[in-house]
Amino acid sequence: MPSYTVTVATGSQWFAGTDDYVYLSLEGTAGCSERHLLDKPFYNDFERGAVDSYDVTVEEDLGEIQLIKIEKRKYWYQDDWYLKHITVKTPLGDYLEFPCYRWITDEKEVVLRDGRAKLPRDDKTQILKQHRRKELENRQKMYRCNKEMESLKLVFYSEDMFFREVECFSATCFPLEYVMQHWKEDFMFGYQFLNGCNPVLIRRCTEIPKKLPVTMDMVECSLERNLTLEEEVKQGNIFIVDYELLDGVDANKTDPCTIQYLAAPICLLYKNLENKIVPIAIQLGQKPGPENPIFLPSDATYDWLLAKIWVRSSDFHIHQTVTHLLRTHLVSEVFSIAMFRQLPAVHPLFKLLVPHMRFTIAINTKAREQLICECGLFDKVSSPLGKTLLFFMGPYDFFLLFCVFFIYSAVRSFAEDVIQIYYESDEVVCEDVELQAFVKDIYMYGMRGVKASGFPKVIKTREKLAEYLTVIIFTASAQHAAVNFGQYDWCSWIPNAPPTMRCPPPTEKGTVTIEQIVESLPDRGRSCWHLGAVWALSQFQDNELFLGVYPDEHFVEKPVKEAMAKFRKNLDEIVSTITERNKNKKLPYYYLSPNRIPNSVAV
């Protein structure tokens, strides 16, 4: 009788093993096997980190193995199990790998396909077509969008994703110490728009806006090239940061004992002869007028300092709600939900993207439950209420910073290599109904059908597919790392990033005192909440998986593994470049070093 050797690998994380009964069935093109109990006499099967082998004998030839079925049944009490993968050696000596890499909970039945990635057109047998269709049907019941909600709100039920608390590592103190020493200086104020944790707002100013009536007389002492303001604008030396999104947003009113305030500043900056970006004019409101003066570096020291503090406070709000939460976490959740709903585990794009969606749904759930909910941490710490986040919905973009080009190019090259393996032509891209459903899901449910989002409804070429996948991976990894892991460095010194302001913006010059500045800053309680939040957000997870590190082998084909090796080599070269660049720098920039970029928005 034909005999198969089945090898089962259990995960090595805590509590991954199980004492439950585990049954296995084989389904081939010529028939199905009986249900076999995987058990060795006088042996503790399926321990954490174990690799156990079993002989499974069947009565007749099963043909080519298509699927394997795993059933877990309770022994004494419910005992969850993390199954990494199963390998089946056939009677002919062939080896088939069946990746799982998930928790099997309750008395569940899991059906696995072998690890070779397949497009929909590659499935020829009815068995595989049915399995593919059923998997997506089940996933679409688990992960679904609530169509009754006008705002973007994802409703999902996940049985194999869970949140793990971050391990407490000591954050580096050097950047923080430098910020504490230099935060008042104009160069440090400007530096953060390019190298801080929110380097996405600064824009080259092509025309001084009418709502910011800055004149040459106001800024002449700040310009260094003997040019007029208009000439400096034409030469590309003037930059602007506009916090218009905050205009009209209500401040937090959850604490009856403390009135909190918001502003929507406009800040004009100048690239001086030392190639440093420095502020030259700040208006704290959007509408010019006598009670909304334009503050200048030539003003009284405390007038200018308080104006900069207001800008830094506004920058903190936009950073947390838009740059960080919306444009990395929530956008990645859109990708994650669409991936689970529209791409089966056998699809090559699921295998490519799943490491970059790791814990995304879980961490966002935690945020909705504890941070941005009513009376959550945002309400305790910062001026805007969490519910006003929907006000900030806008066109999606990502930034360019030193090293971003290299990382983006490395990710793009990796995506292209994978695409070349599975999509032999643009026609194959067009015919991939699961890919097109994935793209449509993101556009219709995630982006609400808004063309300005920049996301397409359909993808027709391999080039566009490579770009699309690169944006997804880059957003979940590099972009999130750049705007997240510097928060303790840049935001823990409260005057440099006040989460709230307790006094209204000044309406005239020459009246600000140091006492007024102190009274405007957050109180001790909110400062403590703020410090705890930015510290926790800046920590890596225990056993963090960094960009290009894929211990879960969803792909089994040699060409893809070679593409992964090439990707890691490219990333290692970028690490070396960044390390060399940071030598002897007063403020080294390391947030975009690939060995510090987690694969996903897991924090």
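Predicted model: local features only at pLDDT ≥ 70, side-chain atom pairs only at ≥ 80, totals over all residues.
**Entry 1**

Residues are numbered from 1 along each chain as its sequence is written, and side-chain values use heavy atoms, with hydrogens and water left out.

I noted how elements are named: helices (H or I, at least four residues) and strands (E, at least two) are DSSP runs, numbered from the N terminus. Two strands count as paired if DSSP finds at least two bridges between them. Strand β2 (residues 21-28) runs antiparallel to β6, and eight bridges join them. I then turned to the pairing of β6 with β9, which is antiparallel over five bridges. There, Ile70 stands opposite Val110 of β9.

I also checked how covered β6 is. Buried means under 20% relative accessible area, exposed means over 50%, and partly exposed lies in between (1.4 Å probe, protein chains only). Seven of the nine residues in β6 (residues 65-73) are buried, so I logged the strand as mostly covered.

**Entry 2: the five-stranded sheet**

I traced an open sheet of five strands, in the order β12-β13-β14-β15-β16, with antiparallel pairing. β12 (203-204) and β16 (294-295) are the edges; each has a single partner strand, so one side of each lacks a neighbour in the sheet. Inside the sheet I looked at β14 (residues 266-271) and β15 (residues 277-283), which run antiparallel and are joined by six bridges. Cys267 stands opposite Ile282 in β15.

Next I looked for helices on this sheet. Contact here means heavy atoms within 4.5 Å. Axes are lines fitted to C-alpha atoms, for helices over the stretch in contact, with angles from 0 to 180 degrees between N-to-C directions. Helix α3 (residues 186-195) lies across β13 (238-242), β14 and β15, at about 95 degrees to β15. Helix α6 (residues 301-342) lies across β15 and β16, and also runs at about 95 degrees to β15.

**Entry 3: salt bridges**

Side chains of opposite charge can pair when their charged atoms come close. I used the cut-off of a side-chain nitrogen of Lys or Arg within 4 Å of a carboxyl oxygen of Asp or Glu. The structure holds 25 salt bridges.

I picked Arg121 and Glu424, whose closest N and O atoms are 3.5 Å apart. Arg121 sits in the loop between β9 (109-113) and α1 (126-142), Glu424 in the loop between α10 (404-422) and α11 (426-431), and they are 303 residues apart. Arg121 is partly exposed at 39% relative accessible area. Glu424 is exposed at 60%.

Which residue forms a salt bridge with Arg132? I found Glu434, with the closest N and O atoms 2.7 Å apart. Arg132 is in helix α1 and Glu434 in helix α12 (residues 433-446), so this pair ties together parts 302 residues apart in sequence. Arg132 is buried at 4% relative accessibility, and Glu434 is buried at 8%.

Last, I checked Arg412 and Glu416, which meet in a salt bridge at 3.0 Å, N to O. Both lie in helix α10, four residues apart, about one turn of the helix. Glu416 is partly exposed, at 33% relative accessible area.
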